[in-house]
Amino acid sequence: MISFQFTEEQEDIRRAAREFAEREFTPELAMKCDREEIFPFELFKKCARLGFHAIAIPEEYDGGGYGPIEQMIVMEEFSSVNPGLGLACLIPTFGVEILLLHGSEEQKEKWIPKLARGEVIMGMANTEPDAGSDSASIKTKAVKDGDEWVLNGTKQFISNGSIADFILVTARTREVERFESRHKGISYFIVERSREGYRATKIKGKMGIRATDTAEISLNNVRVPESNLVGEEGKGFYYMMEFFDITRVWVAAQAVGIAKGALKLVVDYVKQRKAFGTPLATFQYIQFKIAELSTKIEAARTLAYRAAAIQIEKGKPDNTLSAMAKWYAGEIAVETTNWALQFHGGYGYIDEYLINQFYRDAKITEIYEGAKEIEKLIIARNIFGFKGR
Ligand SMILES: Cc1cc2nc3c(=O)[nH]c(=O)nc-3n(C[C@H](O)[C@H](O)[C@H](O)COP(=O)(O)OP(=O)(O)OC[C@H]3O[C@@H](n4cnc5c(N)ncnc54)[C@H](O)[C@@H]3O)c2cc1C
């Protein structure tokens with residue numbers, strides 16, 4: 001027997017998330033944060049008081065104690081009302097899974113309850129100017145000096161980079177031997193933004209998700225104590241791959257939410273907009289397109305929640321399903337927002353129309369946490385049994 005029904009409790013979470021988003025994600029705030037590229041701190045505080053951002057953090061660290069499904073429900077609902085504000089509310093704990101899985105008890109006690117209460121914001125930094133998809137080719141180095149590590153390097157496109165209290169940063173702690181896998185020798189460090197030598201430059205002019213903060217971070221002789229090393233030295237690359245397998249379903253839920261929200265906007269629009277003396281909704285071409293998109297969204301949604309359900313049942317993520325869910329849902333979000341904007345005609349091209357924001361916000365789901373080509377590489381490797389380079 002397979003159940004495709006959410007439990008009553010999950011439906012309650014969905015209703016609560018929806019009500020919060022509809023009440024707080026006002027068009028004025030959405031427009032302001034989008035146009036001016038401002039992170040909505042007040043909104044985040046309100047969200048944190050209700051614990052939506054920390055729904056999957058264990059109760060022992062003051063979180064909600066739920067799992068990936070409930071986290072996805074919140075993400076889906078928030079994104080369907082406003083993708084930019086929705087993400088801004090939920091991204092402040094980005095990377096917490098790495099701390100939960102591999103952090104020392106001292107690190108967890110120090111940071112996670114504060115994260116869960118919305119008192120601090122974190123991020124996770126691997127990407128560099130010359131290392132994105134090829135995430136093992138990072139150049140940032142950490143060198144041991146007595147009981148400290150000294151970090152030097154540049155990180156690119158880091159979410160929360162200029163507003164976070166601390167970032168989990170990857171750095172090479174050891175050069176690999178000639179015949180050794182280059183995935184070895186990378187380690188994670190907690191780097192507080194207040195450390196001397198940490199400089200964040202906010203990246204302006206993003207196409208979408210403009211309510212979130214993205215920064216370039218330069219680390220210039222940043223010293224952190226030995227106790228800031230997360231997990232085992234040299235295991236950072238593997239922690240990162242594990243992290244993405246877990247969180248890709250979260251991006252899939254974001255993409256499904258964006259697609260659902262865009263579909264609702266366009267259905268409402270074509271019902272009232274007339275051409276040739278009749279509402280656009282009466283044209284069969286438009287009806288068919290909406291029917292097709294609606295079906296694809298349902299397929300993406302089913303895949304995304306199945307990937308998360310398997311994660312719970314097996315006790316670990318299914319690498320292939322997580323990649324499939326993220327790739328497919330991202331593609332459907334981009335396709336849906338494209339058609340939804342198209343059927344708004346010229347009005348869709350103007351940023352006062354919400355569909356314009358959805359169209360721009362959708363694209364990121366095909367780029368971050370592994371661009372869609374990388375998802376396909378993972379799927380193909382697993383089919384053919386190839387090993388990664
Ligand atoms: C808004 C935003 C927020 C982000 N937040 C974070 C963050 O918080 N932390 C972080 O570490 N990073 C973050 N990133 C970075 C993001 O993860 C990278 O941009 C992404 O992994 C792609 O890397 P790249 O930009 O270097 O592109 P590249 O790696 O240069 O790739 C360019 C294109 O080539 C394709 N490609 C690359 N290799 C192959 C291949 N072998 N086969 C086929 N195609 C290939 C890619 O799929 C892509 O389409 C963020 C990016 C953005 C835009």
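I am working with a predicted model.

**Entry: domains**

I looked up the domain assignment first. It gives the protein chain domain 1 (8–116), domain 2 (122–234) and domain 3 (238–384). I then turned to domains 2 and 3. Their centres, taken over C-alpha atoms, are 30 Å apart. I looked up the contact between them: 9 residues of domain 2 touch 8 residues of domain 3. On the domain 2 side, I noted 3 nonpolar residues, 6 polar and no charged.

**Entry: ligand**

Which residues are closest to the ligand? I found Gly132, Ser133, Ser159, Ala371 and Glu373, out of 20 residues that surround the ligand. Next I asked which domains supply the shell. Domain 2 and domain 3 each give at least three residues to it. I also checked helices and strands. At least two shell residues come from each of β1 (122–125), β3 (148–159) and α12 (372–384). By class, the shell holds 11 nonpolar, 7 polar and 2 charged residues.

**Entry: helices α4 and α9**

I looked up α4 (residues 68–81) against α9 (residues 284–314). Their axes come within 9 Å and cross at roughly 155 degrees. Why do I call α4 roughly antiparallel to α9? Because angles over 145 degrees count as roughly antiparallel, α4 qualifies against α9. I listed the residues in contact. From α4 they are Pro68, Ile69 and Met72. From α9 they are Ala304, Tyr305, Ala308, Ala309, Gln311 and Ile312.

Technical notes: Residues numbered from 1 in each chain as written. Predicted model: local features only at pLDDT ≥ 70, side-chain atom pairs only at ≥ 80, totals over all residues. Near = placed C-beta within 6 Å. Helix = DSSP H or I, 4+ residues; strand = E, 2+ residues; numbered from the N terminus. Nonpolar A, V, L, I, M, F, W, Y, C, P; charged D, E, K, R; others polar. Domains from an automatic or database assignment. Contact = placed C-beta atoms within 7 Å. Axes fitted to C-alpha atoms, helices over the stretch in contact; angles between N-to-C directions. Parallel < 35°, antiparallel > 145°, perpendicular 65-115°, else oblique.
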